[in-house]
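Here is a short note to read alongside the model. Please keep the view open as you go through the points.

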Amino acid sequence: DLRYIAYGSSGLGGIHIYDSNTKTATKIEEAHKLLGASDLKFSSDGKYLISGSFDGELAAWDVESKKKIRSFKGSVGPIAGLNINFDNGFLASGTMGSTVAESDYAVNVWDINEETAKCKLLGHQLTVNCVAFNKKNRLVFSGSRDGTLKVWSIDSCKEIMSCISIG
(Lines give C-alpha, C1' and ligand atoms only; values in the text may rest on other atoms or scores of the structure.)
Protein backbone atom coordinates (compact mmCIF):
# COMPACT_ATOMS: atom_id res chain seq x y z
CA ASP A 1 0.00 0.00 0.00
CA LEU A 2 1.52 3.29 -1.05
CA ARG A 3 -0.84 5.56 0.84
CA TYR A 4 1.93 7.01 3.00
CA ILE A 5 5.47 8.06 2.19
CA ALA A 6 7.75 9.17 5.00
CA TYR A 7 10.84 11.30 4.68
CA GLY A 8 13.19 13.25 6.87
CA SER A 9 16.67 14.69 6.88
CA SER A 10 19.06 16.62 9.03
CA GLY A 11 18.23 19.79 7.09
CA LEU A 12 14.46 19.44 7.45
CA GLY A 13 14.34 18.29 11.06
CA GLY A 14 11.45 16.11 12.12
CA ILE A 15 9.71 13.52 9.99
CA HIS A 16 7.28 14.34 7.21
CA ILE A 17 4.52 11.93 6.20
CA TYR A 18 2.92 12.39 2.82
CA ASP A 19 -0.64 11.04 2.41
CA SER A 20 -1.29 10.13 -1.24
CA ASN A 21 -5.07 10.13 -0.65
CA THR A 22 -5.23 13.73 0.54
CA LYS A 23 -2.09 14.85 -1.35
CA THR A 24 -0.77 16.58 1.79
CA ALA A 25 2.35 16.25 3.90
CA THR A 26 2.29 16.54 7.68
CA LYS A 27 5.33 17.12 9.84
CA ILE A 28 5.75 15.25 13.11
CA GLU A 29 7.12 18.22 15.01
CA GLU A 30 8.51 16.33 17.99
CA ALA A 31 10.44 13.81 15.88
CA HIS A 32 14.22 14.11 15.78
CA LYS A 33 14.33 17.90 15.91
CA LEU A 34 18.05 18.32 16.39
CA LEU A 35 19.72 16.10 13.83
CA GLY A 36 16.90 14.60 11.79
CA ALA A 37 15.94 11.07 10.84
CA SER A 38 18.56 8.77 9.32
CA ASP A 39 16.30 5.82 8.46
CA LEU A 40 12.56 5.13 8.39
CA LYS A 41 10.58 1.88 8.06
CA PHE A 42 6.81 1.34 7.96
CA SER A 43 5.18 -1.65 9.60
CA SER A 44 3.80 -4.19 7.13
CA ASP A 45 0.26 -2.94 7.75
CA GLY A 46 1.29 0.73 7.34
CA LYS A 47 -0.06 1.76 10.75
CA TYR A 48 3.29 2.41 12.39
CA LEU A 49 6.54 4.07 11.43
CA ILE A 50 9.88 3.23 13.03
CA SER A 51 12.50 5.96 12.91
CA GLY A 52 16.20 6.08 13.60
CA SER A 53 18.08 9.30 14.09
CA PHE A 54 21.54 10.79 13.80
CA ASP A 55 21.25 11.53 17.55
CA GLY A 56 20.91 7.80 18.35
CA GLU A 57 17.18 7.78 19.10
CA LEU A 58 14.91 4.99 17.86
CA ALA A 59 11.16 5.53 18.08
CA ALA A 60 7.85 4.09 16.93
CA TRP A 61 5.10 6.42 15.70
CA ASP A 62 1.39 5.99 15.06
CA VAL A 63 0.99 7.12 11.44
CA GLU A 64 -2.60 8.38 11.80
CA SER A 65 -2.18 10.35 15.03
CA LYS A 66 1.49 11.29 14.38
CA LYS A 67 2.21 10.50 18.06
CA LYS A 68 5.22 8.68 19.48
CA ILE A 69 4.06 5.38 20.95
CA ARG A 70 7.40 3.89 21.96
CA SER A 71 11.04 4.82 22.40
CA PHE A 72 13.88 2.32 22.28
CA LYS A 73 16.86 3.16 24.49
CA GLY A 74 20.34 1.74 24.52
CA SER A 75 21.91 2.72 21.21
CA VAL A 76 25.19 4.59 21.34
CA GLY A 77 25.99 6.78 18.37
CA PRO A 78 24.03 7.81 15.31
CA ILE A 79 21.72 5.25 13.68
CA ALA A 80 22.86 4.32 10.16
CA GLY A 81 20.22 1.71 9.34
CA LEU A 82 17.34 -0.14 10.92
CA ASN A 83 14.97 -2.99 10.25
CA ILE A 84 11.99 -4.51 11.97
CA ASN A 85 10.67 -8.05 12.13
CA PHE A 86 7.08 -7.94 13.29
CA ASP A 87 6.68 -11.71 12.89
CA ASN A 88 9.22 -12.41 15.64
CA GLY A 89 8.89 -9.06 17.44
CA PHE A 90 12.40 -7.68 16.98
CA LEU A 91 13.88 -4.35 15.94
CA ALA A 92 17.53 -3.99 14.94
CA SER A 93 19.70 -0.98 14.24
CA GLY A 94 23.23 -0.43 13.04
CA THR A 95 25.27 2.49 14.33
CA MET A 96 27.68 4.91 12.70
CA GLY A 97 29.83 5.04 15.78
CA SER A 98 31.09 8.18 17.41
CA THR A 99 34.31 9.46 18.84
CA VAL A 100 33.60 7.69 22.14
CA ALA A 101 34.79 4.17 21.30
CA GLU A 102 35.05 1.70 18.45
CA SER A 103 32.48 -0.45 20.27
CA ASP A 104 29.92 2.06 19.03
CA TYR A 105 29.95 0.24 15.68
CA ALA A 106 27.27 -2.09 16.94
CA VAL A 107 24.11 -3.87 15.97
CA ASN A 108 21.48 -3.34 18.65
CA VAL A 109 18.48 -5.67 18.86
CA TRP A 110 15.32 -4.92 20.85
CA ASP A 111 12.40 -7.13 21.80
CA ILE A 112 9.43 -5.04 20.66
CA ASN A 113 6.85 -6.80 22.82
CA GLU A 114 8.91 -6.60 26.02
CA GLU A 115 10.24 -3.11 25.13
CA THR A 116 13.72 -4.18 26.23
CA ALA A 117 17.19 -4.33 24.73
CA LYS A 118 17.92 -7.93 23.73
CA CYS A 119 21.46 -7.82 22.32
CA LYS A 120 24.32 -5.46 21.62
CA LEU A 121 26.32 -7.20 18.90
CA LEU A 122 29.92 -6.07 18.56
CA GLY A 123 32.47 -6.97 15.91
CA HIS A 124 32.34 -4.43 13.09
CA GLN A 125 35.18 -1.93 12.79
CA LEU A 126 33.26 0.79 10.91
CA THR A 127 29.69 2.04 10.42
CA VAL A 128 27.02 -0.67 10.31
CA ASN A 129 25.08 0.50 7.24
CA CYS A 130 22.35 -2.10 7.06
CA VAL A 131 20.60 -4.81 9.04
CA ALA A 132 18.17 -7.49 7.92
CA PHE A 133 16.33 -10.43 9.47
CA ASN A 134 15.86 -14.07 8.59
CA LYS A 135 12.42 -14.67 10.09
CA LYS A 136 12.54 -18.45 10.09
CA ASN A 137 15.84 -18.93 11.93
CA ARG A 138 15.81 -15.86 14.22
CA LEU A 139 18.96 -14.47 12.66
CA VAL A 140 20.04 -10.90 12.03
CA PHE A 141 22.47 -9.95 9.25
CA SER A 142 24.61 -6.82 9.33
CA GLY A 143 26.66 -5.12 6.65
CA SER A 144 29.39 -2.63 7.43
CA ARG A 145 31.64 -0.10 5.72
CA ASP A 146 34.52 -2.27 6.94
CA GLY A 147 33.62 -4.72 4.12
CA THR A 148 32.15 -7.43 6.35
CA LEU A 149 28.79 -9.14 6.42
CA LYS A 150 28.03 -10.77 9.74
CA VAL A 151 25.34 -13.25 10.74
CA TRP A 152 24.15 -13.20 14.36
CA SER A 153 21.89 -15.43 16.43
CA ILE A 154 19.15 -13.45 18.16
CA ASP A 155 18.70 -16.24 20.72
CA SER A 156 22.34 -16.47 21.84
CA CYS A 157 23.35 -12.88 20.94
CA LYS A 158 26.49 -14.27 19.32
CA GLU A 159 28.14 -14.06 15.92
CA ILE A 160 27.59 -17.17 13.82
CA MET A 161 29.51 -16.24 10.69
CA SER A 162 31.48 -13.41 9.09
CA CYS A 163 32.19 -12.83 5.40
CA ILE A 164 34.83 -10.38 4.17
CA SER A 165 34.56 -8.54 0.88
CA ILE A 166 37.54 -9.06 -1.39
CA GLY A 167 38.25 -6.29 -3.87
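1. First, some terms: strands are DSSP runs of E with at least two residues, numbered from the N terminus, and two strands pair if DSSP finds at least two bridges between them. Residues are numbered from 1 along each chain as its sequence is written. This is a predicted model, in which local features need pLDDT of at least 70.

2. Start with the open sheet of three strands, which has the order 1-2-3 and antiparallel pairing. Its edge strands, each pairing on one side only, are strand 1 (4–7) and strand 3 (24–28). On average, neighbouring strands here are turned by 25° against each other, direction ignored; the axes behind this angle are lines fitted to C-alpha atoms, with angles running from 0 to 180 degrees between N-to-C directions.

3. Next, look at strand 2 (residues 15–19), which is joined to strand 3 by five bridges in an antiparallel run. You can find His-16 there with its bridge partner Lys-27 in strand 3.

4. Now move along to strand 13 (residues 139–144), which pairs with strand 14 in the antiparallel sense over five bridges. Phe-141 stands opposite Val-151 of strand 14. The two strands form a hairpin with three residues between them, and Gly-147 in the turn has a positive phi of about 85°.

5. Strand 14 also pairs with strand 15 (residues 158–164), antiparallel and over six bridges. Leu-149 has Cys-163 in strand 15 as its bridge partner. This hairpin has four residues between its strands, with Cys-157 in the turn at a positive phi of about 60°.

6. Why is strand 14 (residues 148–153) described as largely enclosed by the rest of the structure? Because five of its six residues are buried, meaning under 20% relative accessible area with a 1.4 Å probe, protein chains only.

Technical notes
Predicted model: local features only at pLDDT ≥ 70, side-chain atom pairs only at ≥ 80, totals over all residues. Heavy atoms only, no water. Buried < 20%, exposed > 50% of the residue type's maximum accessible area, 1.4 Å probe, protein only.
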